[in-house]
Amino acid sequence: MLPWLPEHPIHFPPMSAALNDPDGLLAAGGALDSGWLLAAYRRGIFPWYSDDQPILWWSPDPRMVLFPKELKVRRSLAKRLRHAGFTITANRAFDAVITACAEPRAGQPSTWITDEMRAAYQRLHALGAAHSVEVWHGDELVGGLYGVALGPMFFGESMFTRVADASKVALVHLARAMAAGGGRLIDCQMHTDHLASLGARNIARGTFIGYLETWLGKPPPVEPDDLSFTPACWSFAVPGELGGAFQ
């Protein structure tokens with residue numbers, strides 16, 4: 001039976017309770033406030049559900065991750081990085097990025113980024129824990145991504161593109177910024193061919209949790225009622241590396 005979490009206190013079941021089918025479903029309930037989200041990420045857990053469902057918490061096995069120094073930039077993408085005329089920014093248009101990510105994709109009637117989910121990450125952004133990378137062509141926002149940064153880790157949530165490769169440009173910038181500043185791992189959550197083409201790969205959930213506990217510390221069984229977190233230990237800026245301006 002799937003564990004149901006009360007809104008208080010903040011407490012997750014052990015990872016051994018996660019289901020194999022569907023892969024990684026751990027619990028339902030709890031709340032979507034900043035305390036719950038911060039507690040979830042430091043444990044390798046993330047929320048994912050639709051409007052007609054309760055809050056569902058996941059930790060799949062295996063876990064897809066990208067080590068920044070393993071980033072692969074194919075020749076065609078490298079050419080676009082140099083010549084497409086993109087400008088990259090960070091945390092300049094968080095609301096616009098998450099709104100664009102929430103737009104239904106082709107062939108999908110709805111989105112998992114509900115109004116409740118969007119508001120929750122906007123609160124995390126106000127705290128300084130959630131961040132966005134934006135890709136511009138002139139004054140037009142053409143791509144980007146958002147997620148949560150804790151210490152040397154970035155937990156990617158979603159990305160979008162309105163022109164060819166713009167989301168890849170955002171991820172390349174993020175990976176290069178992390179590699180230059182001491183970032184260690186980008187959590188991609190689940191396998192996609194899109195991410196695999198950029199060098200992301202699967203690791204065992206136990207290995208992923210080991211990285212979390214090494215870099216962020218082992219979390220307490222019950223989370224205290226505070227909003228403290230380990231901020232990103234690296235800068236989002238990599239001036240000059242993308243063949244275009246970083247602003």
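1. F12, W36 and W57 form one aromatic cluster in this predicted model, in which local features need pLDDT of at least 70, side-chain atom pairs count only at pLDDT 80 or more, and totals for chains, interfaces and linings use all residues. Residues are numbered from 1 along each chain as its sequence is written, and side-chain values use heavy atoms, with hydrogens and water left out. A pair of aromatic rings is described by the distance of the centres and the angle of the planes. Rings of Phe, Tyr and Trp (for Trp, its six-membered ring) pair if their centres lie within 6.5 Å, and planes under 30 degrees apart count as stacked, over 60 as edge-to-face and the rest as tilted. By this rule the count comes to twelve aromatic pairs. The rings of F12 and W57 have centres 5.2 Å apart and planes at 80°, so this pair is edge-to-face. F12 sits in the loop between β1 (4–5) and β2 (25–29), while W57 belongs to strand β4 (residues 56–58), so that the pair links distant parts of the chain, 45 residues apart. Helices (H or I, at least four residues) and strands (E, at least two) are DSSP runs, numbered from the N terminus.

2. F12, at 6% relative accessibility, counts as buried, and W57 is buried with a relative accessible area of 0%. The rings of W36 and W57 have their centres 6.0 Å apart and their planes at 25°, so the pair is stacked. This pair also links distant parts of the chain, with W36 in helix α1 and W57 in strand β4, 21 residues apart. Both W36 and W57 are buried.

3. The cores deserve a look next. A nonpolar core is a set of buried Ala, Val, Leu, Ile, Met, Phe, Trp, Tyr and Cys residues joined through side-chain atoms within 4.5 Å. The largest nonpolar core has 55 residues, of which F12, W57, Y121, F155 and F208 touch the most other members. Apart from it lies another core, of 31 residues, including A149, C188, L195 and A200.

4. Helix α1 (residues 34–42) packs against helix α4 (residues 115–127) at an angle of about 80°, with the axes 10 Å apart. Axes are lines fitted to C-alpha atoms, for helices over the stretch in contact, and angles run from 0 to 180 degrees between N-to-C directions. Under 35 degrees counts as roughly parallel, over 145 as roughly antiparallel, 65 to 115 as roughly perpendicular and the rest as oblique, and α1 is therefore roughly perpendicular to α4. On the α1 side S34, L37, L38 and Y41 meet A120, Y121, R123, L124 and L127 of α4, where contact means heavy atoms within 4.5 Å. The residues of this contact divide into seven nonpolar, one polar and one charged; Ala, Val, Leu, Ile, Met, Phe, Trp, Tyr, Cys and Pro count as nonpolar, Asp, Glu, Lys and Arg as charged, and the others, Gly among them, as polar.

5. M178 has its place in helix α5 (residues 166–181) and, at 0% relative accessibility, counts as buried. Leaving aside residues up to four places away in sequence, M178 touches P68, P152, M153, F154, G183, R184, L185, I186 and W234. The C-alpha atoms of M178 and K69 are separated by 8.7 Å, although these residues are 109 residues apart along the chain.

6. A78 lies in helix α2 (residues 75–83) and is buried, with a relative accessible area of 18%. A78 and T214 are 136 residues apart in sequence and, C-alpha to C-alpha, 34 Å apart in space.

7. The backbone has some points to check. Most residues other than glycine have a negative phi, and most peptide bonds are trans. Which peptide bonds are cis? The bond from H8 to P9 is cis, with omega near 0°, and P9 lies in the loop between β1 and β2. A cis peptide bond also joins D61 and P62, with omega about 10°, and P62 is placed in the loop between β4 and β5 (63–66).

8. D165 is not a glycine, yet has a positive phi of about 75°; D165 lies in the loop between β9 (153–161) and α5 and is partly exposed, with a relative accessible area of 22%. Q189, also not a glycine, has a positive phi of about 70°. Q189 is found in strand β10 (residues 185–189) and is buried, with a relative accessible area of 10%.

Note on methods:
Buried means under 20% relative accessible area, exposed over 50%, partly exposed in between (1.4 Å probe, protein chains only).
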